[in-house]
Amino acid sequence: MKIQLLPSTFDENGRASVRQHLLSIVVDNKVAIDAGSLAFACSDRQREQIRDVILTHTHLDHIAGLPLFIDDLFATLTAPIRIHATREMIDILERDIFNWSIYPRFSELSNDNGSVVEYHEFARGSAFTVAHLSIRSVAVNHEVAANGYLVSDGKGSVAISGDTAETDDFWKLCNETDDLRAVLAECAFPDELSELASVSHHLTPKGLANELKKFDKVDCPVYVINMKPMYREKIVEQLNAARLPGVRTLEIGKVYEW
Ligand SMILES: [Zn+2]
(Lines give C-alpha, C1' and ligand atoms only; values in the text may rest on other atoms or scores of the structure.)
Protein backbone atom coordinates (compact mmCIF):
# COMPACT_ATOMS: atom_id res chain seq x y z
CA MET A 1 0.00 0.00 0.00
CA LYS A 2 1.38 3.40 -1.00
CA ILE A 3 0.63 6.26 1.34
CA GLN A 4 1.44 9.92 0.83
CA LEU A 5 0.71 12.91 3.04
CA LEU A 6 0.15 15.70 0.55
CA PRO A 7 1.95 19.00 1.10
CA SER A 8 -0.07 22.04 2.00
CA THR A 9 2.41 24.88 1.86
CA PHE A 10 5.29 25.82 -0.39
CA ASP A 11 8.57 27.59 0.24
CA GLU A 12 9.82 30.69 -1.58
CA ASN A 13 11.13 28.48 -4.39
CA GLY A 14 7.80 26.79 -4.86
CA ARG A 15 8.89 23.53 -3.30
CA ALA A 16 6.72 21.67 -0.83
CA SER A 17 7.55 22.75 2.71
CA VAL A 18 7.41 20.68 5.90
CA ARG A 19 4.70 22.89 7.35
CA GLN A 20 1.45 20.98 7.50
CA HIS A 21 -1.56 23.29 7.69
CA LEU A 22 -3.93 20.91 5.97
CA LEU A 23 -4.39 17.16 6.01
CA SER A 24 -4.88 14.93 2.98
CA ILE A 25 -3.52 11.43 2.84
CA VAL A 26 -3.59 9.66 -0.50
CA VAL A 27 -3.63 5.86 -0.62
CA ASP A 28 -2.39 4.13 -3.78
CA ASN A 29 -2.95 7.35 -5.78
CA LYS A 30 -6.63 6.44 -5.74
CA VAL A 31 -8.34 7.11 -2.42
CA ALA A 32 -8.02 10.25 -0.32
CA ILE A 33 -8.41 10.35 3.42
CA ASP A 34 -9.41 13.94 4.11
CA ALA A 35 -9.18 16.66 1.54
CA GLY A 36 -7.39 19.55 3.26
CA SER A 37 -5.01 20.22 0.38
CA LEU A 38 -6.43 17.79 -2.15
CA ALA A 39 -7.20 20.31 -4.89
CA PHE A 40 -3.97 22.22 -4.36
CA ALA A 41 -1.32 19.56 -3.96
CA CYS A 42 -2.36 16.36 -5.71
CA SER A 43 -0.55 15.24 -8.83
CA ASP A 44 -2.27 15.12 -12.23
CA ARG A 45 -2.41 11.34 -11.89
CA GLN A 46 -4.03 11.61 -8.49
CA ARG A 47 -6.52 14.16 -9.81
CA GLU A 48 -7.43 11.73 -12.58
CA GLN A 49 -7.71 8.68 -10.34
CA ILE A 50 -9.08 9.84 -6.98
CA ARG A 51 -12.84 9.41 -6.93
CA ASP A 52 -13.23 8.38 -3.29
CA VAL A 53 -12.71 10.76 -0.39
CA ILE A 54 -13.07 9.45 3.16
CA LEU A 55 -13.41 12.15 5.80
CA THR A 56 -12.20 11.92 9.39
CA HIS A 57 -14.21 15.00 10.40
CA THR A 58 -15.35 18.33 9.01
CA HIS A 59 -12.82 20.78 10.43
CA LEU A 60 -11.61 23.16 7.73
CA ASP A 61 -8.04 21.88 7.62
CA HIS A 62 -9.47 18.49 6.60
CA ILE A 63 -11.99 19.62 3.98
CA ALA A 64 -10.62 22.90 2.57
CA GLY A 65 -9.59 21.36 -0.74
CA LEU A 66 -12.76 19.34 -1.26
CA PRO A 67 -15.01 21.97 -2.90
CA LEU A 68 -12.25 23.01 -5.31
CA PHE A 69 -11.32 19.41 -6.09
CA ILE A 70 -14.90 18.75 -7.19
CA ASP A 71 -15.06 22.07 -9.01
CA ASP A 72 -11.88 21.30 -11.01
CA LEU A 73 -13.27 17.98 -12.16
CA PHE A 74 -16.89 19.01 -12.58
CA ALA A 75 -17.20 18.92 -16.37
CA THR A 76 -14.98 15.89 -16.96
CA LEU A 77 -16.36 13.43 -14.41
CA THR A 78 -17.82 10.27 -15.89
CA ALA A 79 -18.82 9.02 -12.45
CA PRO A 80 -19.53 10.95 -9.26
CA ILE A 81 -16.94 11.68 -6.60
CA ARG A 82 -17.89 9.55 -3.62
CA ILE A 83 -17.62 11.28 -0.26
CA HIS A 84 -17.53 8.73 2.58
CA ALA A 85 -18.73 10.34 5.78
CA THR A 86 -21.08 9.94 8.73
CA ARG A 87 -24.58 11.43 8.65
CA GLU A 88 -23.44 14.21 10.95
CA MET A 89 -20.54 15.14 8.66
CA ILE A 90 -22.75 15.07 5.56
CA ASP A 91 -25.26 17.39 7.23
CA ILE A 92 -22.48 19.82 8.19
CA LEU A 93 -21.04 19.81 4.65
CA GLU A 94 -24.46 20.46 3.11
CA ARG A 95 -25.39 23.13 5.65
CA ASP A 96 -22.11 25.00 6.02
CA ILE A 97 -20.05 24.42 2.87
CA PHE A 98 -22.12 23.28 -0.09
CA ASN A 99 -24.89 25.74 0.74
CA TRP A 100 -24.68 27.99 -2.36
CA SER A 101 -23.29 30.82 -0.22
CA ILE A 102 -19.89 29.30 0.44
CA TYR A 103 -19.91 27.01 -2.58
CA PRO A 104 -22.41 25.32 -4.91
CA ARG A 105 -24.45 22.39 -3.65
CA PHE A 106 -22.76 19.86 -5.91
CA SER A 107 -24.96 17.06 -4.64
CA GLU A 108 -27.85 18.68 -6.57
CA LEU A 109 -25.86 19.28 -9.76
CA SER A 110 -25.02 17.08 -12.71
CA ASN A 111 -22.78 17.25 -15.73
CA ASP A 112 -23.50 15.59 -19.10
CA ASN A 113 -22.69 12.20 -17.55
CA GLY A 114 -24.83 12.46 -14.43
CA SER A 115 -24.26 13.33 -10.76
CA VAL A 116 -20.92 14.78 -9.73
CA VAL A 117 -21.06 13.98 -6.03
CA GLU A 118 -22.46 11.06 -4.12
CA TYR A 119 -22.46 10.73 -0.34
CA HIS A 120 -21.69 7.30 1.07
CA GLU A 121 -22.83 7.33 4.65
CA PHE A 122 -21.35 5.05 7.29
CA ALA A 123 -21.84 4.70 11.02
CA ARG A 124 -18.93 5.44 13.36
CA GLY A 125 -17.26 2.20 14.27
CA SER A 126 -18.43 0.40 11.13
CA ALA A 127 -16.40 -1.35 8.44
CA PHE A 128 -16.83 -0.73 4.73
CA THR A 129 -15.07 -1.08 1.40
CA VAL A 130 -13.74 1.81 -0.64
CA ALA A 131 -12.23 1.00 -4.04
CA HIS A 132 -9.75 -1.83 -3.35
CA LEU A 133 -9.44 -1.00 0.35
CA SER A 134 -11.16 -2.33 3.46
CA ILE A 135 -11.79 0.47 5.90
CA ARG A 136 -12.62 0.18 9.56
CA SER A 137 -13.71 3.38 11.26
CA VAL A 138 -13.18 4.02 14.94
CA ALA A 139 -14.52 6.88 17.02
CA VAL A 140 -11.77 9.11 18.41
CA ASN A 141 -11.82 12.00 20.86
CA HIS A 142 -12.07 15.42 19.19
CA GLU A 143 -14.22 18.57 19.49
CA VAL A 144 -16.57 17.25 16.85
CA ALA A 145 -17.43 13.62 16.14
CA ALA A 146 -14.26 12.38 14.46
CA ASN A 147 -12.98 9.08 13.16
CA GLY A 148 -9.72 7.28 13.00
CA TYR A 149 -9.28 4.60 10.35
CA LEU A 150 -7.71 1.27 9.82
CA VAL A 151 -6.97 0.92 6.12
CA SER A 152 -6.20 -2.46 4.63
CA ASP A 153 -5.37 -3.56 1.10
CA GLY A 154 -5.56 -7.24 1.95
CA LYS A 155 -1.79 -7.53 2.38
CA GLY A 156 -1.30 -5.15 5.27
CA SER A 157 -2.99 -2.47 7.33
CA VAL A 158 -2.18 1.08 8.31
CA ALA A 159 -3.93 2.93 11.15
CA ILE A 160 -4.58 6.68 10.96
CA SER A 161 -5.70 8.46 14.11
CA GLY A 162 -7.07 11.64 12.51
CA ASP A 163 -7.41 14.48 15.01
CA THR A 164 -7.73 13.21 18.54
CA ALA A 165 -6.91 13.67 22.20
CA GLU A 166 -6.52 10.62 24.46
CA THR A 167 -8.55 7.72 23.19
CA ASP A 168 -8.75 3.99 23.84
CA ASP A 169 -10.63 2.35 20.99
CA PHE A 170 -8.13 3.43 18.34
CA TRP A 171 -5.22 1.79 20.18
CA LYS A 172 -7.32 -1.27 20.95
CA LEU A 173 -8.02 -1.66 17.23
CA CYS A 174 -4.29 -1.24 16.48
CA ASN A 175 -3.44 -3.94 19.02
CA GLU A 176 -5.99 -6.32 17.51
CA THR A 177 -4.68 -5.92 13.96
CA ASP A 178 -2.21 -8.69 13.15
CA ASP A 179 -0.98 -7.24 9.85
CA LEU A 180 -0.51 -3.68 11.12
CA ARG A 181 2.37 -2.05 9.19
CA ALA A 182 2.34 1.48 10.55
CA VAL A 183 0.38 3.91 12.70
CA LEU A 184 -0.04 7.55 11.75
CA ALA A 185 -0.73 9.42 14.97
CA GLU A 186 -1.42 13.05 15.56
CA CYS A 187 0.59 15.37 17.80
CA ALA A 188 -0.61 18.91 17.22
CA PHE A 189 0.91 21.02 19.99
CA PRO A 190 4.12 21.20 22.06
CA ASP A 191 4.00 20.26 25.74
CA GLU A 192 3.87 23.87 26.98
CA LEU A 193 0.55 24.30 25.15
CA SER A 194 -1.05 21.29 26.84
CA GLU A 195 -3.98 23.41 27.97
CA LEU A 196 -4.71 24.50 24.42
CA ALA A 197 -4.25 20.89 23.29
CA SER A 198 -6.73 19.81 25.93
CA VAL A 199 -9.48 22.30 25.03
CA SER A 200 -9.05 21.65 21.30
CA HIS A 201 -8.83 17.87 21.80
CA HIS A 202 -5.37 17.31 20.40
CA LEU A 203 -2.19 15.66 21.67
CA THR A 204 1.21 16.94 22.76
CA PRO A 205 4.41 14.82 22.84
CA LYS A 206 3.71 13.96 26.50
CA GLY A 207 0.13 13.09 25.62
CA LEU A 208 1.30 10.90 22.75
CA ALA A 209 3.79 9.18 25.03
CA ASN A 210 0.90 8.33 27.37
CA GLU A 211 -1.17 7.08 24.47
CA LEU A 212 1.64 4.82 23.31
CA LYS A 213 1.53 3.01 26.66
CA LYS A 214 -1.72 1.52 25.35
CA PHE A 215 -0.05 0.29 22.16
CA ASP A 216 1.55 -3.12 22.53
CA LYS A 217 3.06 -3.68 19.07
CA VAL A 218 6.58 -2.60 19.88
CA ASP A 219 7.92 -3.35 16.39
CA CYS A 220 5.31 -1.33 14.55
CA PRO A 221 6.50 2.15 13.58
CA VAL A 222 4.48 5.18 14.65
CA TYR A 223 4.63 8.19 12.33
CA VAL A 224 3.64 11.56 13.72
CA ILE A 225 1.32 13.74 11.65
CA ASN A 226 -0.71 16.89 12.13
CA MET A 227 1.92 19.00 13.87
CA LYS A 228 0.71 22.60 13.90
CA PRO A 229 3.15 24.35 11.56
CA MET A 230 4.05 27.15 14.00
CA TYR A 231 5.23 24.59 16.57
CA ARG A 232 6.69 21.91 14.34
CA GLU A 233 10.34 22.37 15.37
CA LYS A 234 9.41 22.42 19.04
CA ILE A 235 7.25 19.30 18.77
CA VAL A 236 9.96 17.41 16.87
CA GLU A 237 12.53 18.45 19.48
CA GLN A 238 10.28 17.23 22.32
CA LEU A 239 9.51 13.96 20.54
CA ASN A 240 13.23 13.36 20.00
CA ALA A 241 13.98 14.17 23.63
CA ALA A 242 11.28 11.72 24.77
CA ARG A 243 13.03 8.91 22.83
CA LEU A 244 9.80 7.10 22.18
CA PRO A 245 10.70 3.79 20.55
CA GLY A 246 9.59 3.47 16.94
CA VAL A 247 8.28 7.03 16.78
CA ARG A 248 9.29 9.32 13.91
CA THR A 249 7.69 12.10 11.91
CA LEU A 250 5.93 11.37 8.65
CA GLU A 251 7.68 13.21 5.84
CA ILE A 252 5.34 15.42 3.90
CA GLY A 253 5.12 14.53 0.20
CA LYS A 254 7.11 11.31 0.54
CA VAL A 255 5.49 8.15 -0.80
CA TYR A 256 5.70 5.38 1.80
CA GLU A 257 5.12 1.82 0.76
CA TRP A 258 3.81 -0.51 3.43
ZN1 LIG B 1 -9.93 18.83 13.89
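Visitor: Which residue in β14 does A185 stand opposite?

Guide: A185 stands opposite V224 in β14, and please keep in mind throughout that this is a predicted model. The two strands concerned, β13 and β14 (residues 222-225), run parallel and are joined by 4 bridges. Along that pairing, E186 has I225 of β14 as its bridge partner.

Visitor: And what sits on the β12 side of β13, parallel or antiparallel pairing?

Guide: Strand β12 (residues 157-160) pairs with β13 in the parallel sense, over 4 bridges, and within that pairing I160 stands opposite L184. The path from β12 to β13 passes through helix α6 (residues 169-176), and the three elements make a right-handed β-α-β unit.

Visitor: How many residues of β13 are buried?

Guide: The count is 7 of its 7 residues, so β13 is mostly covered.

Visitor: What does L184 contact, if you leave aside its neighbours within four places in sequence?

Guide: With those neighbours left aside, L184 is in contact with V158, A159, I160 and S161, and also with Y223, I225 and L250.

Visitor: Where does β13 fall in its sheet, I mean what is the strand order?

Guide: The sheet is open, with 7 strands in the order β9-β10-β11-β12-β13-β14-β15 and with mixed pairing. Its edge strands are β9 (127-130) and β15 (247-249), each of which pairs on one side only. Ignoring direction, neighbouring strands of this sheet are turned by 25 degrees against each other on average.

Visitor: Moving to β11, why call it largely enclosed?

Guide: Strand β11 (residues 146-152) has 7 of its 7 residues buried, and it is therefore largely enclosed by the rest of the structure. The burial applies to both faces, with A146, G148, L150 and S152 on one side and N147, Y149 and V151 on the other.

Visitor: What are the strands that pair with it, and how do they connect?

Guide: Strand β10 (residues 133-140) pairs with β11 in the antiparallel sense over 7 bridges, and R136 stands opposite L150 there. These two strands form a hairpin with 5 residues between them. On the other pairing, β11 and β12 run antiparallel and are joined by 4 bridges, with I160 in β12 as the bridge partner of Y149. β11 and β12 likewise form a hairpin, with 4 residues between them, and G154 in its turn has a positive phi of about 95 degrees.

Visitor: How does β1 pair with β16?

Guide: Strand β1 (residues 2-5) pairs with β16 in the antiparallel sense over 3 bridges, and Q4 stands opposite V255 in β16.

Visitor: Last one, on the whole chain. How many helices and strands, and how compact is it?

Guide: The chain has 9 helices and 16 strands. Its radius of gyration is 18 Å, close to the 18 Å that the globule rule gives for 258 residues, so the chain is as compact as a globular protein of that length. Taken along the principal axes, the C-alpha atoms fill a box of roughly 55 × 40 × 30 Å.

Visitor: And what share of the residues counts as buried?

Guide: Of the 258 residues, 41% count as buried. As for contacts with a separation of 6 or more, residues 24 or more positions apart account for 60% of them.

Conventions
Residues numbered from 1 in each chain as written. Predicted model: local features only at pLDDT ≥ 70, side-chain atom pairs only at ≥ 80, totals over all residues. Contact = placed C-beta atoms within 7 Å. Pairing = 2+ DSSP bridges. Buried ≥ 20, exposed ≤ 12 C-beta atoms within 10 Å, placed from the backbone. Right-handed = clockwise from strand over helix to strand, strands pointing away. Rg over C-alpha atoms; globule rule 2.2 N^0.38 Å. Axes fitted to C-alpha atoms, helices over the stretch in contact; angles between N-to-C directions.
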